[in-house]
Amino acid sequence: MYPEDYLYTEQHEWLHVDETTVTLGITSFAQAELGEVVFVDPPDVGDSFSAGDEIGSIESVKAVAEIYTPVAGEVIETNGALDDQPELVNDDPHHEGWIAKLRLASNEGLDGLMNAEAYAAFCDGKGA
């Protein structure tokens with residue numbers, strides 16, 4: 001259910017690391033909890049963030065959820081498709097529904113993230 005080559009946070013974000021670039025989104029678990037996504041407020045390209053910073057938000061018919069980055073970096077791209085199709089976060093959260101790409105400031109913060117197996121167990125333990 002969760003891509004094996006991704007890393008996961010307890011706040012239900014996923015990261016795909018490709019050398020010095022990180023693609024970030026929310027997990028299938030998170031989008032299911034949110035319900036129908038109606039708006040995504042991504043960070044601005046060029047913004048820099050520290051690990052743990054809020055970088056944007058997702059609005060659904062049920063709630064608004066903040067998006068956090070577990071790593072420090074500079075935003076180099078956002079998913080423009082979400083402007084017209086925020087439902088991509090529901091339809092394909094781990095691929096087409098990505099939120100932002102960051103240039104890593106360092107690898108600090110990556111070690112504390114979960115792999116797919118640990119994240120699935122974490123979600124099972126949390127219940128609904």
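## Rings, charge and surface

The charged end of Lys 101 is placed over the ring of Trp 98, at 5.0 Å from its centre (a charge sits over a ring if NZ of Lys or CZ of Arg is within 6 Å of the ring centre and within 35 degrees of the ring normal). This is a predicted model, in which local features need pLDDT of at least 70 and side-chain atom pairs count only at pLDDT 80 or more, while totals for chains, interfaces and linings use all residues. Residues are numbered from 1 along each chain as its sequence is written, and side-chain values use heavy atoms, with hydrogens and water left out.

Six aromatic pairs are found in the structure; rings of Phe, Tyr and Trp (its six-membered ring) pair if their centres lie within 6.5 Å, and planes under 30 degrees apart count as stacked, over 60 as edge-to-face and the rest as tilted. Tyr 8 and Tyr 119 make a stacked pair, with 4.8 Å centre to centre and 15 degrees between the planes. This pair joins distant parts of the chain, 111 residues apart, with Tyr 8 in strand E1 and Tyr 119 in helix H4 (DSSP runs numbered from the N terminus, helices being H or I of at least four residues and strands E of at least two). Tyr 2, Tyr 6, Trp 14 and Phe 122 belong with Tyr 8 and Tyr 119 to one aromatic cluster.

The table gives relative accessible areas (buried under 20%, exposed over 50%, partly exposed in between; 1.4 Å probe, protein chains only).

| Residue | Relative accessible area | Class |
|---|---|---|
| Tyr 8 | 0% | buried |
| Tyr 119 | 0% | buried |
| Val 61 | 55% | exposed |

Val 61 lies in the loop between strand E6 (54-60) and strand E7 (64-68).
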